[in-house]
Amino acid sequence: MESALTALTAHTADKHWLYENSVQNPEAEVVFIDRVYGDEFGRLPRDLREDFCGTLNLGCMWAKLRNDNTALGVDLDGPTLDWGREHNMRPLGEATSRVTMIQDDVRNVSQPTVDVLAATNFSWWGFHTRDELLAYFRNCRRSLREDGMLMLDIYGGPEAQVLQFEERECDGFTYIWDQDVFNPLTHEYRCKIHFRFPDGSKLDDAFAYHWRLWTAPETRELLREAGFRKVEVFWEGADDEGEPNGDFQVSKVGDTSPAWVAYIVAFR
Ligand SMILES: C[S@@+](CC[C@H](N)C(=O)[O-])C[C@H]1O[C@@H](n2cnc3c(N)ncnc32)[C@H](O)[C@@H]1O
């Protein structure tokens with residue numbers, strides 16, 4: 001839609017477009033899914049479900065990847081799904097017939113079963129209690145075929161618990177991640193996304209999240225309790241300067257980075 005040459009402002013920019021172009025990386029995630037699934041099961045996965053799919057960006061990328069891939073997206077929010085239908089599904093052409101959206105709570109959907117269930121950008125942190133998260137993980141397992149895997153992302157490190165703004169320059173706008181509230185006793189976590197533009201205009205509170213900041217050990221234990229036979233963490237490597245390099249490999253140990261993002265993969 002907007003090109004790098006269009007001067008974006010708070011009035012002209014579309015918040016879903018801004019989100020997709022600052023937060024998401026579906027191109028890398030479909031490659032990751034193929035690699036991890038292929039290593040475990042010796043074949044490529046075909047049917048993917050994206051929970052908390054929002055605009056179904058990952059699902060649409062998945063349907064485009066191979067001409068027998070299918071994608072199912074589940075999200076509560078009708079207008080966000082509509083945006084995805086218009087901007088991500090429609091341009092797929094023939095592949096649109098292999099993409100389905102369901103407007104519902106992710107805990108209510110378990111059919112059709114799929115090879116891969118992805119819940120990314122920490123959306124599963126919307127479940128605040130152990131019981132809620134366990135019930136969600138049980139439903140994920142129910143929604144997978146025998147050769148099935150669940151992929152979650154998670155972040156942590158001491159900086160995750162610090163109230164701060166983190167700014168990142170994107171093409172034509174600035175993305176601002178706002179860690180607004182953190183309660184160390186409950187891990188209640190409120191974060192927001194704002195955008196700023198070259199003309200000085202701002203889109204404040206474009207997105208707001210009310211989460212619990214779950215830790216890796218809690219999450220792994222709950223996945224095992226939900227019945228998953230194997231749970232692995234994929235930790236990101238570093239380049240020569242020590243910066244994250246986008247290469248996620250299975251690891252039993254992390255490192256003490258101030259902030260990190262990892263994938264947790266649970267095999268049914
Ligand atoms: C952070 S966005 C995630 C969008 C996308 N998955 C991504 O990777 O960026 C969170 C989405 O989760 C949806 N959501 C929150 N709770 C939900 C639930 N229980 N069932 C279905 N969707 C839910 C919201 O409507 C919102 O679109």
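## Around the ligand

Of the 16 residues around the ligand, the nearest are Phe52, Gly54, Leu76, Asp77 and Asn121; a residue counts as near a molecule if its C-beta atom, placed from the backbone, lies within 6 Å of it. The shell is made up of six nonpolar, seven polar and three charged residues. In this grouping Ala, Val, Leu, Ile, Met, Phe, Trp, Tyr, Cys and Pro are nonpolar, Asp, Glu, Lys and Arg are charged, and the others, Gly among them, are polar.

Before going further, please keep in mind that this is a predicted model: local features need pLDDT of at least 70, side-chain atom pairs count only at pLDDT 80 or more, and totals for chains, interfaces and linings use all residues. Residues are numbered from 1 along each chain as its sequence is written.

## Phe52 and other backbone features

Phe52, one of the residues nearest the ligand, sits in the loop between β1 (47–51) and α3 (57–65). Helices (H or I, at least four residues) and strands (E, at least two) are DSSP runs, numbered from the N terminus. Phe52 has a phi near 50°, a positive value in a residue other than glycine. Leaving out residues up to four places away in sequence, Phe52 touches Asp75, Val106, Ala119 and Ser123, where contact means C-beta atoms, placed from the backbone, within 7 Å. Phe52 and Ser123 are 71 residues apart along the chain, yet their C-alpha atoms are separated by 6.4 Å.

Phe122 also has a positive phi, near 65°, and lies in the loop between β4 and α5 (130–142). Phe122 is partly exposed, because it has 19 C-beta neighbours inside 10 Å. A cis peptide bond joins Gln111 to Pro112, with omega near -10°, and Pro112 belongs to the loop between β3 and β4 (114–119). For context, most residues other than glycine have a negative phi, and most peptide bonds are trans.

Let us turn to two helices. α3 is mostly covered, with seven of its nine residues buried: Asn57, Leu58, Gly59, Cys60, Met61, Trp62 and Ala63.

In α4 (78–89), the buried residues are Leu81, Gly84, Asn88 and Met89. Viewed down the helix axis, these buried residues fall within an arc of 75°, so they line one face of α4; the arc is that of the directions from the helix axis to the C-beta atoms. They pack against α3, β2 (70–75) and β3, while the face turned away from the buried side carries the exposed residues Gly78, Pro79 and Glu86.

Thr96 is partly exposed because 15 other C-beta atoms lie within 10 Å. Residues up to four places away aside, Thr96 touches Met89 and Arg90. Thr96 and Arg220 are 124 residues apart in sequence and 35 Å apart in space, C-alpha to C-alpha.

## Nonpolar cores

Which residues of the largest nonpolar core touch the most other members? Of its 52 residues, they are Ala71, Val116, Leu117, Met149, Leu150 and Met151. Strand β5 (residues 144–156) supplies the largest share of this core, six residues. Such a core is a set of buried Ala, Val, Leu, Ile, Met, Phe, Trp, Tyr and Cys residues joined through C-beta atoms within 7 Å.

Beyond its neighbours within four places in sequence, Met149 is in contact with Val36, Tyr37, Glu40, Val116, Val265, Ala266, Phe267 and Arg268. A second, separate core has seven residues, including Leu8, Leu18, Phe173 and Leu203.

## Two domains

The protein chain is assigned domain 1 (17–157 + 214–267) and domain 2 (161–212), with bounds from an automatic or database domain assignment. Their C-alpha centres lie 22 Å apart.

Nine residues of domain 1 are in contact with eight residues of domain 2. The side of domain 1 that touches domain 2 has five nonpolar, four polar and no charged residues.

Methods
A residue is buried if 20 or more other C-beta atoms lie within 10 Å of its own, exposed if 12 or fewer, and partly exposed in between; C-beta atoms are placed from the backbone. Two residues are in contact if their C-beta atoms, placed from the backbone, lie within 7 Å.
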